[in-house]
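Hello,

Here is the structure we spoke about, handed over for your own work. My notes follow below it.

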Amino acid sequence: MSDIALNPPRKPFAARYPAMLVFIGILALFTLVVSVLAEGFGIGVISTSFVKTLGKTLCLCMVALAMDLVWGYCGILSLGHMAFFGIGGYAIGMWLMYARTEIIVTSSLANAPLPPTPAEISDGIASQIFGVVGASEFPPIWAFAHSFPLQLAAVVLVPGLLALVFGWLAFRSRVTGVYLSILTQAMTLALALFLFQNDSGLRGNNGLSGLQNLPGLDHIPQSTISIVFFWASALALGLAFIICSWVISGKFGSVIRAIRDDEARVRFLGYSVEAYKLFIFTFTAIIAAIAGALYYPQAGIINPAEIAPIASIYLAVWVAIGGRGKLYGAVIGAAFVSLLSTWFTGGQAPDINLGLFTIQWVDWWTILLGISFVAVTIFAPRGIGGLFDLISERRSPNRHGAALGPDAGALREQEADQ
Amino acid sequence: MSTLLEVSGVSVSFDGFKAINNLAFKIGPAEMRAVIGPNGAGKTTFMDIITGKTKPDEGRVLWGEKSVSLLSMNESRIAQAGVGRKFQRPTVFEDQTVAENLMLALKNDRSPFAVLGFRPKQHDCDKVAEIAEQIGLLTQLERKSGELSHGQKQWLEIGMLLSQDPKLLLVDEPAAGMSPAEREHTTELLVEAAKTRAVVVVEHDMEFVRRLNCRVTVLHEGSVLAEGSLDHVTSDERVIEVYLGR
């Protein structure tokens, strides 16, 4: 008789999910190794720019985690989560740009014969920031840009609210499947097109730049800043992994997986499917936004192209290749594919000369990625994460319900118990 | 006798085709009822209307002692009010274990935040074990429900209905595809359930209906053709004409 299900789980949460402990262990080890090898902290084998690449990759892993929760677990193929990632980046970028420009303007006006008025400083900052789009006044959207806490709140609140309103409208009308994907894609396209305009108030296609220079910290070298951001990204990814594991571990996870598999049936069980979807959609949008807020100071620049629909499609590809429905699968997929992509598109991959034609990986990488995506979808739907299943199943195959002996008519488990 | 569910004057049409036509139906709080009828008689649409999947064009669906209308509620609210439904094709969550399926259906607060913090208590586990025992799946609790046989899935779904603890069970063809022994067990489960709650069984199989030994409602072209004991309705001239075809 099975005792496991008959008693409430007594072990602490972490002990019941060994995958989570393993993941946190590997992440900690990775962070330690990179720190020791990094230029800004350790012996300097890893260059500052590569530390930044690794830090950015951790942020991408975090947004992949969000995508896996919303798609792999809840079955909502959102093609708009990179929009939330981008909004998070813009929100933090506005403060970074404002605060740094403020320091520059104040110091340049300090030599003037008369002390500058606040209006003069504000005008100076505005013309510095908006000169490129031919404006010299602050648009209303920058009202809180002077305040770090407020912009930090905006990182969470703006994408959260957008996801809440969008999700409420979409889920309430019971838009599902491919139609929902199209709708989310339309949302991110509309947002990108809006931001491309010069009068959007966010510097049009120039985007926000110089984000790697933290205001007031000019004396600290980039090598140190890069490793601190790397630590912050690792910490955020670790926390996000723990929270996501907790969300999917209990009955909530059971409900959202049930929604993924048969939405109508869940409704007849008395669960408000819309409320659950809205919760997951908003929650993952916030995770994506936090990841974005950590990503862009490392990237240094954000522009509307980052929000374009293709970014969200890449996100879905990472998760599919890594393995949907497994948190670590999403992380592996994002890390593997985005690092590989950096390698191929960075011009480091050797060209292949076929005589008549040379394969230049900068151009051909997307084709390779597309082919691998199709191949994974058809031949290995469980993705890279599925390899771990193969290993664990080989070690302890589940023979419950099988005959106990080799002969036909051997006693079955059920009969033996009686 | 008090009434649990009262359907009156309900009509619904799909693209001009009247699937349900001025239907009236009543059931008490602890009663078994079999609904029979030829294909296209509106049996499934009838269940769709009660569970909120389909909104009728006209008519009333009143529920419980306070006679609240079910028509203004959505599917999940109706289910929370105490209507459980079993589909014709067994629909269990195949990717989850038998225990998870039962725990999912177990009567508890269903709002997202309550579920997020939910951890099963001893009495929840006892209830799951008790129901698993009833449906003969106690030894299968840890198995993925997708691995179960067809009959076991049907039972699991009945078990999920029971753990929902509804006041009214709507059961669509519970015995389809079952062996005689499995049918026997299913009959027992339903008869047992009907002692404390209302059970409506839609069934084609006359032999199965006879074993349920309950009042029978015959549907034809979306309205009630006859109602009474099985012997009564099978001797009705019109029933013989449209349904039994003999």
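**Helix H3 of chain A**

Helix H3 of chain A, residues 48-73, has 26 residues and reaches 36 Å from its first C-alpha to its last, close to the 38 Å expected at 1.5 Å a residue. The expected span is 1.5 Å times one less than the number of residues; helices (H or I, at least four residues) and strands (E, at least two) are DSSP runs numbered from the N terminus.

This is a predicted model: local features need pLDDT of at least 70, side-chain atom pairs count only at pLDDT 80 or more, and totals for chains, interfaces and linings use all residues. Residues are numbered from 1 along each chain as its sequence is written, while chains are lettered from A and ligands numbered from 1 in the order in which they are written.

H3(A) bends by about 25° at Met67(A), the bend being the angle between axes fitted to the seven residues ending there and the seven starting there. Of its 26 residues, 23 are buried, so H3(A) is largely enclosed by the rest of the structure. Buried means 20 or more other C-beta atoms, placed from the backbone, within 10 Å of the residue's own. After H3(A) comes Gly75(A), with a positive phi near 75°.

**The chain as a whole**

Chain A comes to 16 helices and four strands, and 41% of its 418 residues are buried. Its C-alpha trace spans about 100 × 55 × 50 Å along the principal axes.

**Confidence**

Mean pLDDT (the predictor's confidence in each residue, from 0 to 100) is 88 for chain A, with 90% of residues at 70 or more.

Regards

Methods
Buried ≥ 20, exposed ≤ 12 C-beta atoms within 10 Å, placed from the backbone.
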